[in-house]
2 protein chains.
Amino acid sequence: MNSLRQLARHRALPSRAAPRVLPAQTSVSNRLWQRCFSATPNAASQAGLDPSKLEVTKTTTPKEITASENLIFGKTFTDHMLSVEWTAADGWHTPRIVPYQNLSLDPSACVLHYAFECFEGMKAYKDKNGQIRLFRPDKNMTRLNKSSARIALPTVDAEALTKLIGEFVKQESRFIPSTRGYSLYLRPTMIGTQSTLGVGPPGSALLFVIASPVGPYYPTGFKAISLEATDYAVRAWPGGVGDKKLGANYAPCVLPQLNAASRGFQQNLWLFGEEEYVTEVGTMNLFIALKDKDTGKKELVTAPLDGTILEGVTRDSVLELARERLIPKGWTVSERKIKMSEVAEAAEEGRLLEVFGSGTAAIVSPVRNISYRGKMVNCGLKEEEEAGEIALQMKNWIEGIQYGDESHPWSYVL
Amino acid sequence: MNSLRQLARHRALPSRAAPRVLPAQTSVSNRLWQRCFSATPNAASQAGLDPSKLEVTKTTTPKEITASENLIFGKTFTDHMLSVEWTAADGWHTPRIVPYQNLSLDPSACVLHYAFECFEGMKAYKDKNGQIRLFRPDKNMTRLNKSSARIALPTVDAEALTKLIGEFVKQESRFIPSTRGYSLYLRPTMIGTQSTLGVGPPGSALLFVIASPVGPYYPTGFKAISLEATDYAVRAWPGGVGDKKLGANYAPCVLPQLNAASRGFQQNLWLFGEEEYVTEVGTMNLFIALKDKDTGKKELVTAPLDGTILEGVTRDSVLELARERLIPKGWTVSERKIKMSEVAEAAEEGRLLEVFGSGTAAIVSPVRNISYRGKMVNCGLKEEEEAGEIALQMKNWIEGIQYGDESHPWSYVL
């Protein structure tokens with residue numbers, strides 16, 4: 001309610017005498033969006049993040065390692081955390097590795113009221129030689145900066161942060177299980193810490209990275225899931241922020257998931273618009289493999305980056321591998337809008353080959369069926385199957401790169 | 001990415017054998033939305049909030065009162081805060097008034113990652129007899145529950161919380177300036193505190209209320225503002241959460257405001273859809289007074305509650321007062337969609353009487369002009385005027401009720 005005064009306080013307003021008027025615009029387009037915001041992502045953040053200044057304070061009470069079979073995603077954390085403060089006046093402060101500890105926040109801190117928060121999800125893997133590897137960390141850093149810039153939080157030098165995360169992961173090396181399928185989940189997070197209730201760009205922020213050892217998403221092999229198509233709630237829209245990894249996109253997703261769960265489904269599938277375009281499943285991207293109605297040619301489809309879906313790193317990896325390795329086998333690979341009715345029609349006509357979600361946690365997550373308009377759409381798996389051919393293939397290809405079986409530029413050795 | 005496993009852990013899933021399929025739905029409607037979510041807002045929260053159990057720990061270091069002229073919105077706070085914990089197992093714990101203090105949060109707390117947070121904005125006023133008054137606190141409590149239920153946070157007994165807020169405000173009485181136009185801004189806030197990275201309904205939460213003495217929004221009288229119509233970013237969408245007071249709705253608003261400010265405008269005006277419907281201004285609701293093209297009859301218009309605008313308490317108050325006091329004077333009062341082109345046309349034809357925002361901070365905020373499609377739409381004020389007749393009238397009516405000059409059921413005496 002006080003944005004105006006707050007803004008005026010934060011940034012000097014140009015003269016009000018002759019406001020520059022934007023040229024006429026008729027439609028919301030990604031290009032226009034980017035143009036209008038172009039000034040911000042590169043805004044100078046005073047002192048840059050400097051990995052050479054890293055200070056390490058080791059814990060005096062090292063934790064016991066949790067047995068692999070008892071690991072629960074994001075529940076147990078390592079001994080330390082990486083932490084860097086930022087202020088508008090001084091930029092990035094000294095990066096520190098400190099014992100994992102509670103944050104002390106003023107109750108008026110803007111992260112608690114206005115969701116000035118964004119994060120990344122990535123993993124560190126131990127390969128068969130005991131080397132630690134990250135998977136495409138550059139993609140996470142790029143996305144973190146897109147997210148933070150969109151909510152007026154500072155951006156960060158991608159290489160510097162990758163280097164610091166590497167130091168942190170090496171420090172926590174003993175927590176990375178060496179069993180295949182296990183890894184150390186990393187959660188880089190940025191929050192606005194300014195203590196004032198005025199709605200404006202935060203004058204201070206905290207970047208921290210915590211780490212949680214995790215097991216495979218499907219410890220006993222794939223288990224195909226059932227989805228409920230959600231047509232009563234909308235996750236994201238063009239011109240909104242659904243393509244950024246903001247906290248803001250997550251809390252509102254839980255209730256539709258709970259509703260789907262109460263009706264027996266493991267996840268909800270977000271449809272968009274009157275056309276009921278397929279967008280995302282829960283918090284994963286979605287892939288659909290089907291045969292063309294006319295030519296019979298196989299096509300792997302996922303929704304395009306039009307602002308309504310998250311720019312998943314695994315989504316991008318599946319697409320790149322599909323282009324490299326499936327197109328030569330006669331596949332078409334498409335980033336295009338696909339209606340739920342088109343998926344249902346393909347299922348009815350026996351042309352739906354398989355459907356799977358993609359994300360950092362599971363890599364791929366096969367889908368058995370989708371509840372849509374009072375019918376169950378069978379996604380092409382045989383009754384005894386828990387995963388389709390492409391899902392299996394993708395999991396093996398990506399895991400092979402993550403654990404260094406295949407030498408590949410996506411794997412970043414620490 | 002781990003919603004499924006997290007959900008399964010939180011709530012036992014019904015048998016997967018025969019999932020109940022929802023009947024076919026074709027459109028996103030408010031009614032459908034409410035039906036699908038009906039189970040949640042009334043979900044039992046184990047132990048209810050019990051004001052009789054209130055425990056008070058007084059500060060040993062009382063703060064000095066800031067001189068009225070130095071007050072900045074939401075920057076200085078009172079001696080104490082009201083604080084109540086909630087857990088899924090035990091419901092609401094003992095309510096406490098404690099010295100204002102930092103919160104200690106695990107870095108994995110879900111409020112910091114997934115924006116499990118919602119809040120209210122309300123004020124306490126000292127009337128000419130020194131009595132303390134709240135303004136329509138029932139509306140804030142109802143909205144708080146709508147917000148919290150939508151993001152799977154607990155709901156609270158509205159009367160119990162109002163009573164506790166009353167006790168808290170009485171405790172902080174010395175911070176409420178007695179000068180007209182001054183008040184104590186109250187910020188009830190609820191955050192999810194569960195320490196786990198799985199995306200699911202929080203198993204623990206914290207409700208707290210902090211208070212900040214504030215001065216009038218326009219200390220030297222109204223100052224009409226200039227708006228930039230935003231067509232490149234979209235604040236809210238039908239079926240989304242833009243009608244709830246969630247933190248998630250605020251951080252994404254700052255960049256469009258900064259962009260508008262960089263071009264010389266005090267606020268941005270959110271348009272919606274290809275029709276460019278007028279929705280909200282910055283973080284306020286918007287009212288437009290114009291004459292009908294055919295009949296010349298005066299009409300006060302504001303956007304309807306279709307899910308894309310916040311259900312403002314001031315908006316509702318302006319509407320109710322307009323219905324009671326302007327309709328007898330020949331006005332039409334409408335909650336209807338209005339296109340920006342209709343506003344621009346009315347301005348061109350000399351039928352636009354005035355435009356103003358409405359919100360808790362300013363009550364009303366008059367608008368001088370709106371930059372739209374390369375033109376400046378003049379909102380009807382004369383050059384020497386800073387507010388129109390209706391804005392002035394509404395401010396006086398509402399302030400009269402808030403400060404108890406007029407005896408009215410909206411004013412809640414503590």
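Me: Is A:E55 buried, exposed or partly exposed, and what is the relative accessibility of A:E55?
Reply: A:E55 counts as partly exposed, at 39% relative accessibility. Buried is under 20% relative accessible area, exposed over 50%, partly exposed in between (1.4 Å probe, protein chains only).

Me: What am I looking at here, and how are things counted?
Reply: This is a predicted model: local features need pLDDT of at least 70, side-chain atom pairs count only at pLDDT 80 or more, and totals for chains, interfaces and linings use all residues. Residues are numbered from 1 along each chain as written, chains are lettered from A and ligands numbered from 1 in written order, and side-chain values use heavy atoms, without hydrogens and water.

Me: Which side chain meets A:E55 in a salt bridge?
Reply: That of A:R96, at 2.5 Å, N to O. A salt bridge puts a side-chain nitrogen of Lys or Arg within 4 Å of a carboxyl oxygen of Asp or Glu.

Me: Where does A:R96 lie, and where A:E55?
Reply: A:R96 is in strand β4 (96–99) and A:E55 in strand β1 (55–56), so the pair ties together parts 41 residues apart in sequence. Strands are DSSP runs (E, at least two residues), numbered from the N terminus.

Me: New topic. What does A:E276 pair with?
Reply: A:R373, in a salt bridge of 3.2 Å, N to O.

Me: Buried or exposed, A:E276?
Reply: A:E276 is buried, at 5%. A:R373 is partly exposed, at 37%.

Me: Which residues form a salt-bridge network?
Reply: A:K128, A:R180, A:K395, A:E399 and A:D405 are linked in one.

Me: How many salt bridges over all chains?
Reply: 62.

Key. Helices (H or I, at least four residues) and strands (E, at least two) are DSSP runs, numbered from the N terminus.
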